[in-house]
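Please have the sequence and the 3D view open while reading.

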Amino acid sequence: LGPKPLSGRHVIVTSGPTHEPIDPVRYIANRSSGAQGTAIAAALVDLGASVSFVTGPASVPPPPGVRVLPVETAAQMRAAVMEALPADAAVMAAAVADWRVENAAAQKMKKDGSGRAPALSFAQNPDILAEVAGLGADRPRLVVGFAAETEKVEEHARDKRARKGCDWIVANDVSPATGIMGGAENAVIVIDADGAETWPRLPKDEVARRLAQRIARALAWKEDA
Ligand code: C5P
């Protein structure tokens, strides 16, 4: 492979958290910074890919050279991903909220003086990774998901790969003792149809670089096949 093995390839990357509104001024979020997804998008650009970067409200800026598709909610993220298709590969690194507030208020909620708190009810969000992996003719040839686990990392990641129908799962151990969540380093296991590959603990940029190289090789092989 040359220095730009992904030139002419389109890759969709999801990144960051989603925000799920409670009312026009309040939302439910999670602690994802978007750091790993951003590093992956940058590494794909370095290898020549054209990247559609579908990002929730992240705490790091998007990398140069990508087409940025900013979203807030899981529903918006799903719509942006579907509109960005077709793609050669999809890398779903976003921390998508599992639930949205089903009874979000159209106006700012007010205390009513009774001392009672409002009750929120939740509805399950669409699973974007599973949906993209399950597409027919429009399915990207390579669909990569992530799994953040705190125990039995490899076993849970294998189950997740089967359940979601994606090609690879990049799994990491995010239990507090590892210091990975919010840190600069990551230690991952890459699960594919052939088994599990355990990578050493590396800076997130280096994990991204290796993953981009692996994606380039996989797309080249799939071309030959
Ligand atoms: O099921 P879980 O959230 O652990 O799966 C994580 C993987 O699935 C990540 O790749 C994440 O981006 C993706 N995902 C998604 N849509 C959801 C939930 C998770 O694309 N609603």
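## Helix H4

Helix H4 covers residues 153-164, 12 residues in total, and its first and last C-alpha atoms are 16 Å apart, close to the 16 Å expected at 1.5 Å a residue. That expected span is 1.5 Å times one less than the number of residues. Helices (H or I, at least four residues) and strands (E, at least two) are DSSP runs numbered from the N terminus.

Which residues of H4 are buried? They are Val 153, Ala 157, Arg 161 and Lys 164. These residues lie on the same side of H4, because they cover an arc of only 85° around the axis; the arc is that of the directions from the helix axis to the C-beta atoms. An α-helix has 3.6 residues a turn, so residues three or four places apart point the same way. A residue is buried if 20 or more other C-beta atoms lie within 10 Å of its own, exposed if 12 or fewer, and partly exposed in between, with C-beta atoms placed from the backbone.

## Surroundings of H4

The buried residues of H4 pack against helix H3 (128-133) and against strands E9 (142-149), E10 (168-173) and E12 (188-192). On the face turned away from the buried side, H4 carries the exposed residues Glu 155 and Ala 162. Just after H4, Gly 165 has a positive phi of about 75°.

## Model and confidence

This is a predicted model, in which local features need pLDDT of at least 70, side-chain atom pairs count only at pLDDT 80 or more, and totals for chains, interfaces and linings use all residues. Residues are numbered from 1 along each chain as its sequence is written.

The protein averages a pLDDT (the predictor's confidence in each residue, from 0 to 100) of 95, and 99% of the residues score at least 70. The model has an ipTM of 0.97 and a pTM of 0.96.

## Annotated positions

An unreviewed UniProt entry lists residues under "binding site", among them Asp 98, Pro 126 and Lys 164. The listed residues span 67 residues in sequence and the farthest two C-alpha atoms are 38.3 Å apart, so they do not all gather at one spot. UniProt annotations may be inferred rather than shown by experiment.

Asp 98 is in the loop between strand E6 (89-92) and strand E7 (99-101). Asp 98 is partly exposed, with 13 other C-beta atoms within 10 Å. Pro 126 lies in the loop between strand E8 (122-124) and H3, and is partly exposed with 14 C-beta neighbours inside 10 Å.

Key:
Two residues are in contact if their C-beta atoms, placed from the backbone, lie within 7 Å.
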